[in-house]
Structure formats: C-alpha cells, structure tokens
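Please look through this structure and report on its strands, its cores, its ligand surroundings and a few single residues. Keep it short and plain.

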Amino acid sequence: MGIVADDTKTQDSSQHASHKRVALAEEGIMETLLLPFSPRFIVLTICAVVTALLIGIGIADRKIFDILLVPILIFGALTLLGVRDLLQKSHAVLRNYPISAHIRFLLEEIRPEMRQYFFESEKDGMPFSRDTRAVVYQRAKMELDKRPFGTQEDVYREGYEWMHHSVSPKTHAEEKFRITIGGPDCSKPYSASVFNISAMSFGALSPNAVRALNAGAKKGGFAHDTGEGGVSPYHREMGGDIIWEIGSGYFGCRHLDGTFDPEAFARVACDDQIKMVELKVSQGAKPGHGGVLPAAKVSEEISKIRGVAMGEDCISPASHRAFSTPVGMMQFIAEMRRLSGGKPTGFKLCIGHPWEFLAICKAMLQTGIYPDFIVVDGNEGGTGAAPLEFMDHLGMPMREGVNFVHNALIGINARDRIRIGASGKIATAFDMARAMAIGADYCNSARGFMFSLGCIQSLSCHTDRCPTGVATQDPTRARALYVPLKIDRVHNYHHATLHSLTELIAAAGLEHPQQLRPIHFSQRTSTTQVQSFARLYPELRPGELLEGTEDPRFREAWRMAQTDTFQPAV
Ligand SMILES: Cc1cc2nc3c(=O)[nH]c(=O)nc-3n(C[C@H](O)[C@H](O)[C@H](O)COP(=O)(O)O)c2cc1C
Ligand code: SF4
C-alpha cells in the first residue's frame, strides 16, 4: 500500500517536473521571441523594420523610390551599425544596447565640456578652477580682471588661507622683481624674473605654442624652460632666454645608444641664448616614471632635435645612466656647469624619500659641489600624459617639498648659495607669494602659461586632439594658435601677474617677495582655529643638521642618508 502510494507520488512529481520544464522552455522561447522588442534591442529592431518597410514600399512603388533613398540609407546604415555592435566583443554595453549605447559614448565624450559650460561654478573645475582660468585669460587679454561684490570663498572652511597686510602699506612701484641665480662656482650668473615658464617639451607642445611662449618670454624678459625634449628650432627662432633641461633620455646631447654625449651637450649649452642648464631628476606628475614617444610619432624633425633614431621608440628611462649615487650626481652637475662654460646649473625634482634628498645634501658637503638652483615640483604638477596612480598619489606636494628643501639647505648652511624654484599649480600672485613665504626664491608655471596661450582645460593633451593648438603635433590643429597674438598674451599674463604680486607685497608692507616669511600667512585648521604658517612650516636653525637635529621631519632621514648610494642606511 505504502509502495503504491509512493509510486503514485513519484509519478505525480515527475509529471509536475516535466510540466515545469515545458512551461520554462515555452517561457524561454517567448522571451527569445520578444527580445527584439525589449528596451535593450528596440532601437535596432525599429531601424531594421523601418529599413525593410521603406525598401518594400520603394519596390512596390518605384516612382517614390528616389524619395525614399535617403531614409533607406540612414536606417540601413543604423541597422548595419546595430548588427556590428551585436557581433563585436570589445564593448559589453554595445552588445547589450546596440545603437543606443553610442549616445552614452557621445555624452561621455562631451562630459567635460558640458560640465565646464553649464554646471561648473566659479570655484569649481579641476585641476584649475574656472575663476583661476578666467583671471589668466583676462590678464593675458588685458581685460578687466577685477571681481564685484565680495569674495566667493568660504573664509570659514577648514584649509582657507590668507596673507597678512600691514597698517602701513608701501606704495608699490612697477617692480620687475628679479633675482640672481648662480653660486660661487658659476661664472655666468643669470638675472632671472621671479616668474618663468616651466619645462614643457616641443613634442608635448606644438611648434606654434613653443614659438609664442619663447617670444613672449623675450618680450617680458623672463625665462623659458625647454623641457626634456631638447632645444628645437622654434625655441631658437624667437631668441627668448632659455633654460635647457636634460632628462634621463639626454635628448639633444646623446650618443645613439642613449648615453650622455658631453661634446654634443657643450655645443648646445654654450649658445648665448641658453642662460641656465637643468638636470631633470623627476617631475611631480609622474615621479620615478620614464616616458616613451612611440616610433610612429618620431618624425624626422623630432628625430633630429632629440638625436634619436627614426622608426624606433624614443625612450626616457626612469633613472639616469650618467650617475647612480649622490656623489656621482654632484659630479655630473659640476660637469654640466663646466661644459656649459660656467652657466648656472641645477636640478629639478619632486621630493620622494626624504633621505634621498638629504643624501644629495651630504654629497654636496662631501664633494664641495653645490648646484646653483633646485626646482621643486609638486605632485599637483601637470604633464602631457601620466598614469592616474602616479598623478594622484606619488610624490610630495609642492609646498611640503619646497619647505623641506629650504630647511634642508638651511640645515647644511647652503641656503644662501642655492636658489629654490617652485612649480605646482602656481598661476596667480597669491600662489607665488605663498610659495615664496615658505622657501621659494622664484616660481615656474606650466599650465598658467598654457592658459595664456588659450588652453581651455579640455583635458585631451594626451590624444593629440588639442582643440586650441597648444598641445598637438597635428599641423591642422596647431595652426589655430596664431603666434603674433599669443606672444602678447604670454607677455601680458606675466606682466599682470607680477603687477598683482607687487600690489600684494606692498600691501604687506614689504618691498620684495624675498622678504616674505611664513609669519606673513595663516591657515584655518578648523572652524574655530587658525594657525600661522610659522607654526605649520617651522624653520630649522642654520647648520642644525650638521649639529644633529631633533626635528622629527629630519632626524631619522638625516641618519639614513648616505653619499655613496641612494639606499637608506638601516
Ligand atoms: C604639457 C606638459 C609638458 C610637460 N613637460 C615637462 C618636461 O618635459 N619636463 C619637466 O621637467 N616637466 C614637464 N612638465 C611639468 C611642468 O614643467 C611643471 O613642473 C608642472 O606642470 C607644474 O607646473 P603647473 O602646475 O604650473 O603646470 C610638463 C607639464 C605639462 C603640462
Ligand atoms: S586645450 Fe585641452 S588639450 Fe589643449 S592644452 Fe589645454 S587641456 Fe591640453
């Protein structure tokens, strides 16, 4: 009895299971049949149906076929696009949303422009706010650069910073603010403006951009850094003061195997237009990262300027081959100075491991070789292209870097013979004054001068599709940058920024930005607390590192620094 009941039960449940299977199969067939009408595929279905209908009507009534031809072609092309989307494998979203997903890609493409044009407030916009860009454009065009009604800054937010003014401001003169760069070992010191064009290579920038920058520098009496891509004919053509930068690729002064060629270096460096020579150790936006210009982009012109073979990738290695120790680096600096005929010689870096910079300081003491200048780049600095992780999270920001180098040099009693340059989002006089208060003698700007050339921060420098002709090698795009007009803009921007700096300095009761000290600035550290920069950026005593410091920023790193290796002593 129990067995019969069990059999019946088994029969029932297997029948039930088979019904369920049939029902599921039917449901699956229905789903497949309805798939073309689902929201995902409906656009493709409509295009295919409309194309078929139009073709059908056209065949049925040949007289109207000509009229229908254009819509047939449009809907037919869309249908083919949809079929291609379905079959391709690289974009999942296109496989699932044929045709319609292209709208998403289009919107993604124009997102930065949409945000910039419609949604960005005055203080929004990265890396540079709309307000900062606007003030550069206005100064470059000599338009009214004043603002109405009052600040749009929230002066009670944490991190807000201000400069202190004096009850007895000075009357400001049209001061050009120059400083002399060149220590005791330099026989051709350079009188530099406190505001110069930061390193950007021909290759990253278009020929017209280089021409306009260099001629603008000539007109305004300031310096133009070549970047590591070599001295191009566009730098020479205009005759502006040049700082020649060499990086680990030694472009313009290398043997074919990529090693440093002293004779080629001397030939270029002795040219009168070159006022200083600079060794690039690292760059804030991509410290410790080399670079590759793919073979396809190595044009005959670039191959000539850089001294690299055509048809091969043009590589900047991550590290230098000309030296591998702190002492070796100082000896290379001395060699560069000798080969350039005694011109100011320095290096540029973004601070990474503190003991490495202190190792360089110890090497200065050991060899007696001191650079004439050090440019400290912050990790907030710009680049043509770099990996996101490097840009966002590698390297010390400019202010901490400048202050660290400033204090280290005070600590070894070398501050008075070495000038410090700062770069990293410096575009206004306030940016300059702040950097100079915590240790910089002068400032360099890359993107500020790009804005003066007309850069609209479209963030497409790495695609060779720059809309303003600044960062491209495409001649049809570069022609948009009209050099004679932009020369004046570069010059005006420099002039107006320095004018604004003069006013700030005078308002603080000072006469030269070199008198700026941390005590002249404050920062809000919470809604109710304010700290002087003097507390935030305390200064070492002269010679303190030599005497043995207890300052936690330096104590351990100084102990770990060695002159014969960049590795830390453990
Ligand atoms: C397009 C572009 C190219 C650059 N090329 C170089 C270069 O060749 N060598 C270098 O040392 N720095 C290079 N830089 C970095 C700048 O010189 C500067 O250190 C950095 O952008 C910080 O300045 P900024 O914030 O004013 O742009 C480049 C920056 C940009 C935007
Ligand atoms: S306009 Fe865009 S692509 Fe051109 S330099 Fe400026 S950010 Fe780069």
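Strand β11 (residues 373-377) is mostly covered, with 5 of its 5 residues buried. A residue is buried if 20 or more other C-beta atoms lie within 10 Å of its own, exposed if 12 or fewer, and partly exposed in between, with C-beta atoms placed from the backbone. Strands here are DSSP runs of E with at least two residues, helices are runs of H or I with at least four residues, and both are numbered from the N terminus. The cover on β11 reaches both faces: F373, V375 and D377 are buried on one side, and I374 and V376 are buried on the other.

The model is predicted: local features need pLDDT of at least 70, side-chain atom pairs count only at pLDDT 80 or more, and totals for chains, interfaces and linings use all residues. Residues are numbered from 1 along each chain as its sequence is written, while chains are lettered from A and ligands numbered from 1 in the order in which they are written.

**Strands and sheets**

Strand β11 has a parallel partner. Strand β10 (residues 345-349) pairs with β11 over 4 bridges. Two strands count as paired if DSSP finds at least two bridges between them. Within this pair, F347 stands opposite I374 in β11. Strands of a sheet pair through backbone hydrogen bonds, either parallel or antiparallel.

An open sheet of 3 strands runs in the order β1-β14-β15. β1 (161-163) and β15 (530-532) stand at the edges with a single partner strand each, so one side of each has no neighbour in the sheet. From one strand to the next, the twist averages 25 degrees. That angle is taken between axes, which are lines fitted to C-alpha atoms, for helices over the stretch in contact; angles run from 0 to 180 degrees between N-to-C directions. β1 and β14 (residues 521-524) are joined by 3 bridges and run antiparallel. E161 has Q523 in β14 as its bridge partner.

**Nonpolar cores**

A nonpolar core is a set of buried Ala, Val, Leu, Ile, Met, Phe, Trp, Tyr and Cys residues joined through C-beta atoms within 7 Å. The largest one has 118 residues, and V376, V405 and A435 have the most contacts inside it. A second, separate core of 7 residues includes L54, F75, L78 and I99. In soluble globular proteins, nonpolar side chains tend to be buried together.

What is V405 in contact with, leaving aside its neighbours within four places in sequence? The partners of V405 are I351, F357, I374, V376, I420 and G439. Contact means that two C-beta atoms, placed from the backbone, lie within 7 Å.

**Around the ligands**

A residue is near a ligand if its C-beta atom, placed from the backbone, lies within 6 Å of it. There are 28 residues around ligand 1, and A199, G227, G381, G382 and A446 come nearest. By class, that shell has 7 nonpolar, 14 polar and 7 charged residues. Ala, Val, Leu, Ile, Met, Phe, Trp, Tyr, Cys and Pro count as nonpolar, Asp, Glu, Lys and Arg as charged, and the others, Gly among them, as polar.

Around ligand 2 there are 13 residues, of which C455, S458, C461, C466 and A471 come nearest. The shell of ligand 2 has 9 nonpolar, 4 polar and no charged residues.

**Single residues**

H494 sits in helix α18 (residues 483-507). H494 is buried, because 26 other C-beta atoms lie within 10 Å. Residues up to four places away in sequence aside, H494 touches F195, G220 and F222.

K123 lies in the loop between α5 (101-119) and α6. K123 counts as exposed, because 12 C-beta neighbours lie inside 10 Å.

S532 belongs to strand β15. S532 is partly exposed, with 14 other C-beta atoms within 10 Å.

The table lists C-alpha separations for these residues.

| Pair | Apart in sequence | C-alpha separation |
|---|---|---|
| H494 and G216 | 278 residues | 8.7 Å |
| K123 and V83 | 40 residues | 45 Å |
| S532 and H102 | 430 residues | 53 Å |

M142 has a positive phi of about 55 degrees although it is not a glycine. M142 lies in the loop between α6 (130-140) and β1.
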